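Hi,

Here is the structure I promised to pass on.

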Amino acid sequence: MSDCIFCKIVAGEIPCTRVYEDDQTLVFMDIGPIIKGHMLVIPKQHHDPITETPDDVLGHLIAVVKKIAAAQKKALKCDGCNIIQNNGVCSGQAVPHLHFHVIPRFEKDGHTWNWAAKKYDDMQEMKQLAEAVASALTP
Ligand code: 5GP
Ligand code: ZN
């Protein structure tokens, strides 16, 4: 993808601060960290969104995400982490190349997500949504 920022980073056309790479994966520092130490885990091949990404690519990527979260805990002494993966402009995705954010979290880092839980009208509404998605599952 010639106009994709992350493909340009993989190709070395845009610089990045690299944390880890293997033949399929690149991990680098997010230029706009939510918390300092925020990293992005991407496949070297262009894939997007998650629903169109092959399972083997995703499987490897999530294993690297786990490794990075463990290394952040060890090196940065964080108390936990957020792992975030956005799909589509509606979700807040700015770069349409599959990526996992791995964000170290500290008990007193002061960051809060604007996570406002809503309510279903009734149990029937919740059940209908569950059944619709369950019946759309592919084997
Ligand atoms: P999204 O909103 O698509 O899930 O997240 C995209 C992320 O990529 C953002 O957190 C943003 O700071 C980061 N980003 C965008 N452009 C660049 C860049 O050129 N270099 C690096 N290192 N990060 C970038
Ligand atoms: Zn790309």
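Let me start with Leu61, which is buried at a relative accessible area of 1% (buried means under 20%, exposed over 50%, partly exposed in between, with a 1.4 Å probe and protein chains only). Before going further, some ground rules: this is a predicted model, local features need pLDDT of at least 70, side-chain atom pairs count only at pLDDT 80 or more, and totals for chains, interfaces and linings use all residues. Residues are numbered from 1 along each chain as its sequence is written, chains are lettered from A and ligands numbered from 1 in the order in which they are written, and side-chain values use heavy atoms, with hydrogens and water left out.

Back to Leu61, then. Leu61 sits in helix α2 (helices, H or I with at least four residues, and strands, E with at least two, are DSSP runs numbered from the N terminus). Leaving aside residues up to four places away in sequence, Leu61 touches Thr25, Val41, Ile42, Pro43, Leu98 and Phe100, where contact means heavy atoms within 4.5 Å. From Leu61 to Ile50 there are 11 residues in sequence and 11 Å in space, C-alpha to C-alpha.

After α2 comes Lys77, with a positive phi near 60 degrees.

Now the metal site. The zinc ion (ligand 2) has Cys4 (SG), Cys7 (SG), His46 (ND1) and His97 (ND1) as its protein donors, 2.0 to 2.3 Å from it. Donors here are N, O and S atoms within 2.8 Å of the metal (3.2 Å for Na, K and Ca), and water is not among the atoms, so sites may look incomplete. The four donor atoms subtend angles of 105 to 118 degrees, so the arrangement is tetrahedral (four donors qualify if all angles lie between 85 and 135 degrees). His46 is in the loop between β3 (39-43) and α2 (55-76) and His97 in the loop between β4 (80-84) and β5 (100-105), so the pair ties together parts 51 residues apart in sequence. His46 is partly exposed at 24% relative accessibility, whereas His97 is buried at 0%.

There is one aromatic pair, with ring centres required to lie within 6.5 Å for Phe, Tyr and Trp (its six-membered ring); planes under 30 degrees apart count as stacked, over 60 as edge-to-face and the rest as tilted. Phe6 and Phe28 have ring centres 5.4 Å apart and planes at 85 degrees, so the pair is edge-to-face. Phe6 belongs to helix α1 (residues 5-10) and Phe28 to strand β2 (residues 25-29), 22 residues apart, and both are buried.

Overall, the chain has three helices and five strands, in the order α-β-β-β-α-β-β-α from the N terminus.

Cheers

How values were computed. Tetrahedral: all angles 85-135°; square planar, octahedral: opposite > 155°, others 65-115°.
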